[in-house]
Amino acid sequence: MKVETAVVLGPGGPVGTAWLAGLAAALRREGVDLGAADLIVGTSAGAIVGAILASGGDLDRLAALPPPTDPGDGVRPDPQKLMEVFATLGDTGLERTEALRRVGRLALAASTGGEEAAIARMRALVGGDAWPDRPLLIPAVDAETGEAVIWDRHGSASLPEAVAAGTAFPATAPPITVGGRRYMDGALRAGINIDLAADASVVIAAEPMAHLFGTDGVAAVEGTVVRLVPDAEAIEAFGPDMTDRAAWEPAYRAGVRQAPDAAEALRKRIM
């Protein structure tokens, strides 16, 4: 069946999660509910917000950084391995799949805490285990083979497992086991993964990291693309580190502030 409207929510770490949540929450108050789209594609940070949107959940509860689900927060970065991850991804001499396999080995070897803590945190963030009825796609990448998987409600992963896997950037969170395989961040597949919505008549792409990486794959989209990106004030609120949890609340407020202009742009283009 032809998809009329798709929402694509891109990666962006904790800061990008907060900006997306603020933007989507305030857009809803402006009468534009991104959760009403025929398809939602959520990558990494976008998987968290996409799961809440598709389930009709309350995004305002992300206005402040949610508390950890255990005293030690369970999940932590491995700085040394993270440096190796970025060096590997930036090696232009490596074929992409081989680079992903090497990154996967680094992810599996990194000291980033336990899988159960990561899954529990995502369960708390998205509000439960059950997939929503509304179509939601969450990409991830096999840490051993470098091959992509696209989770949806018909797959073998619970919603928290899919979100935890899809947000497990190597050396910042543990790869997640589903069906005997371990999976890592879906942004490694294809950035914001806009190609998963390529057949939609209208694609609304919210991109927290557009100022850093731009958009990949827009040319593959057949219909109208409306991009929602951080403005200069939002970028200043983010600061230089998209993993800095101290920037959560400023980033959320930046998303809220941008929503009226975003709503006007969407009404002009697609409504």
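**Entry 1: helices H5 and H6**

I looked up how H5 passes H6 and found a right-handed crossing; the term applies when the near helix is turned clockwise from the far one by less than a right angle, and left-handed when anticlockwise. I note that the model is predicted, that local features need pLDDT of at least 70 and side-chain atom pairs pLDDT 80 or more, while totals for chains, interfaces and linings use all residues. Residues are numbered from 1 along each chain as its sequence is written, and side-chain values use heavy atoms, without hydrogens and water.

H5 covers residues 115-126 and H6 residues 159-166; helices here are DSSP runs (H or I, at least four residues), and strands are E runs of at least two, numbered from the N terminus. I found their axes 8 Å apart, at an angle of about 110 degrees. That makes H5 roughly perpendicular to H6 (65 to 115 degrees; under 35 is roughly parallel, over 145 roughly antiparallel, the rest oblique). Axes are lines fitted to C-alpha atoms, for helices over the stretch in contact, and angles run from 0 to 180 degrees between N-to-C directions.

I then listed the contact (heavy atoms within 4.5 Å). H5 contributes Ala118, Ile119, Met122, Arg123 and Val126, and H6 contributes Leu159, Pro160, Glu161, Val163 and Ala164. By class, I recorded eight nonpolar, no polar and two charged residues; Ala, Val, Leu, Ile, Met, Phe, Trp, Tyr, Cys and Pro count as nonpolar, Asp, Glu, Lys and Arg as charged, and the others, Gly among them, as polar.

**Entry 2: helix H1**

I checked the length of H1, residues 13-29. Its 17 residues should span 24 Å at 1.5 Å a residue, and the end C-alpha atoms are 25 Å apart, which agrees; the expected span is 1.5 Å times one less than the number of residues.

In H1, 14 of the 17 residues are buried, so the helix is largely enclosed by the rest of the structure (buried is under 20% relative accessible area, exposed over 50%, partly exposed in between, with a 1.4 Å probe and protein chains only). After H1 comes Gly31, with a positive phi near 90 degrees.

I next examined H1 against H10, residues 248-270. Their axes are 6 Å apart at about 40 degrees, and the two helices are therefore oblique to each other. This crossing is right-handed.

**Entry 3: Gly214**

I located Gly214 in the loop between helix H8 (210-213) and strand E8 (224-228). At 30% relative accessibility, Gly214 counts as partly exposed. Not counting residues up to four places away in sequence, Gly214 touches Glu207, Met209 and Arg227.
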